[in-house]
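Please open the structure in a viewer and keep the sequence at hand.

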Amino acid sequence: MRISRTTLSEPKGADRVSEGTLGYFRSRNKHRAYSLVIQEFKRSGLTQADLARRLGKGTDIVCRWLGSPGNWTLDTMSDLLFAISGAEAGYTTKYPLAVSAYMSMSTMSVGNGAVSNISSQTSTDHAARRDEWVVPTIDPGADKDPIKVEVEPYLTRLAA
Amino acid sequence: MSTPETLAAKLAELEGRHLWQLAPIAPEPDPNRAVWVTLEVLDTVDPVQDGNWVDYRHSEFRGSLDAFTNWEMISVSENPFAKDRDTFLARVHPVELEFWDIRTIQPPQGMRCLGGFVGCDAFVALICDYRENFEPGQFDGLVERCRARWRELFGELTPYSGDSLDAYLTNYIV
């Protein structure tokens with residue numbers, strides 16, 4: 001069983017978005033940007049020294065950038081992507097909380113075996129889905145009982 | 001050396017009572033890694049709270065654990081004494097113990113989360129602490145806490161051990 005007691009809500013009206021929510025999505029955004037750049041770097045076959053030369057930076061700086069997205073700016077990401085392979089980031093918007101809420105509701109109601117259904121349904125249009133879902137609101141620190149979200153076949157995989 | 005089969009069997013015993021598999025807040029359709037957490041870690045990262053600076057740090061830490069589960073690319077260092085200061089996952093000294101550190105760098109001074117693998121892409125997060133709580137040379141105390149917690153839960157079983165990083169992880173960079 002996988003659990004999460006956190007349910008973050010999408011922004012509503014003029015309500016202030018919580019710092020916790022912002023922090024979580026900043027972290028998520030950094031990791032996703034990092035994945036994109038490092039996948040490009042691995043595909044390129046470049047060495048860190050090559051990349052440093054292309055950027056006119058010290059190897060230590062480039063090495064640090066490739067180690068973590070912690071202190072990246074948008075310019076860092078742009079510089080890295082372009083210097084690695086002449087690439088730029090392609091931007092699309094996603095609504096992960098809407099998907100998350102949907103996944104939780106699906107798995108809680110359908111139970112075992114629901115995971116495969118999720119994959120096929122998360123790609124449907126966000127706007128169309130939004131009307132169908134009730135997006136839970138955050139209730140930090142209220143009920144600390146774990147909510148069982150979905151059945152996870154990982155133990156089976158691990159033992160296989 | 002414990003096998004993934006024996007570790008999985010033990011994990012099944014512990015799950016729901018002492019260890020919980022953490023679900024990402026915003027999961028990707030096909031998360032490809034798994035993290036089990038102790039109550040100590042669970043209470044730190046879940047639920048994400050809106051409050052003070054500490055809560056903000058915890059939410060970034062939760063972001064790190066979810067990045068692991070959501071199969072984001074991660075940087076790894078195998079040498080505890082020669083690692084990039086920003087590396088995401090680092091082996092802990094002494095390496096024979098097979099403990100690893102998930103390192104949340106932002107916001108400064110960051111947080112550390114120690115645990116061991118139970119299979120490829122399957123990590124058990126045992127303890128966590130704020131980086132400023134241990135100066136260089138004081139890390140051993142944290143490792144000792146980790147070792148004690150592992151023993152409490154897994155007894156004589158040892159963490160999963162592999163010949164190369166590929167045995168522990170997919171989608172990583174050294």
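Helices (H or I, at least four residues) and strands (E, at least two) are DSSP runs, numbered from the N terminus. This is a predicted model, in which local features need pLDDT of at least 70, side-chain atom pairs count only at pLDDT 80 or more, and totals for chains, interfaces and linings use all residues. Residues are numbered from 1 along each chain as its sequence is written, chains are lettered from A and ligands numbered from 1 in the order in which they are written, and side-chain values use heavy atoms, with hydrogens and water left out.

**Stop 1: chain A as a whole**

Select chain A, which has eight helices and two strands. Followed from the N terminus, its elements run β-α-α-α-α-α-α-α-β-α. Chain A has 160 residues, and 41% of them count as buried; buried means under 20% relative accessible area, exposed over 50%, and partly exposed in between (1.4 Å probe, protein chains only). The chain exposes about 8900 Å², of which carbon and sulfur atoms supply 53%. These accessible areas come from the Shrake-Rupley method with a 1.4 Å probe, and for residues only the protein chains shown count as cover. Among the contacts in chain A with a separation of 6 or more, 69% are between residues 24 or more positions apart; contact means heavy atoms within 4.5 Å.

**Stop 2: a helix pair across the two chains**

Two packed helices are described by the angle between their axes and the distance between the axes. The contact includes A:Gly20, A:Tyr24 and A:His31 from α1(A), and B:Tyr56, B:Gly63 and B:Ala67 from α3(B). Sorted by class, the contact has three nonpolar, seven polar and six charged residues. In this sorting Ala, Val, Leu, Ile, Met, Phe, Trp, Tyr, Cys and Pro count as nonpolar, Asp, Glu, Lys and Arg as charged, and the others, Gly among them, as polar.

**Stop 3: the nonpolar cores**

Which residues have the most contacts inside the largest nonpolar core? Select B:Leu89, B:Phe117, B:Val118, B:Phe154 and B:Leu169 to see them; this core has 51 residues. Strand β7 of chain B (residues 122–130) gives the most to this core, with seven residues. A second, separate core has 21 residues, including A:Val62, A:Ile84, A:Ala89 and B:Met73. A nonpolar core is a set of buried Ala, Val, Leu, Ile, Met, Phe, Trp, Tyr and Cys residues joined through side-chain atoms within 4.5 Å.

**Stop 4**

Move to B:Val143 in helix α4 of chain B (residues 139–154). Is this residue buried or exposed? B:Val143 counts as buried because its relative accessibility is 4%. Residues up to four places away in sequence aside, B:Val143 touches B:Val92, B:His93, B:Leu97 and B:Leu114. Select B:Leu97 next, in the loop between β4 (89–91) and β5 (100–104) of chain B. B:Leu97 and B:Val143 are 46 residues apart along the chain, and their C-alpha atoms are separated by 9.4 Å. With neighbours within four places in sequence left aside, B:Leu97 is also in contact with B:Arg147 and B:Pro159.

**Stop 4: backbone details in chain B**

Stay in the loop between β4 and β5, where B:Pro94 lies. B:His93 and B:Pro94 are joined by a cis peptide bond, with omega about -5 degrees. The loop also holds B:Glu98, whose phi is near 65 degrees, a positive value in a residue other than glycine. B:Glu98 counts as buried, at 10% relative accessibility.

Another cis peptide bond joins B:Asp46 and B:Pro47, with omega about 0 degrees; B:Pro47 is in the loop between α2 (39–45) and α3 of chain B.

**Stop 5: B:Glu132**

Finally, select B:Glu132 in the loop between β7 and α4 of chain B. B:Glu132 is partly exposed, with a relative accessible area of 31%. Beyond its neighbours within four places in sequence, B:Glu132 is in contact with B:Arg57, B:Gln109 and B:Gly110.
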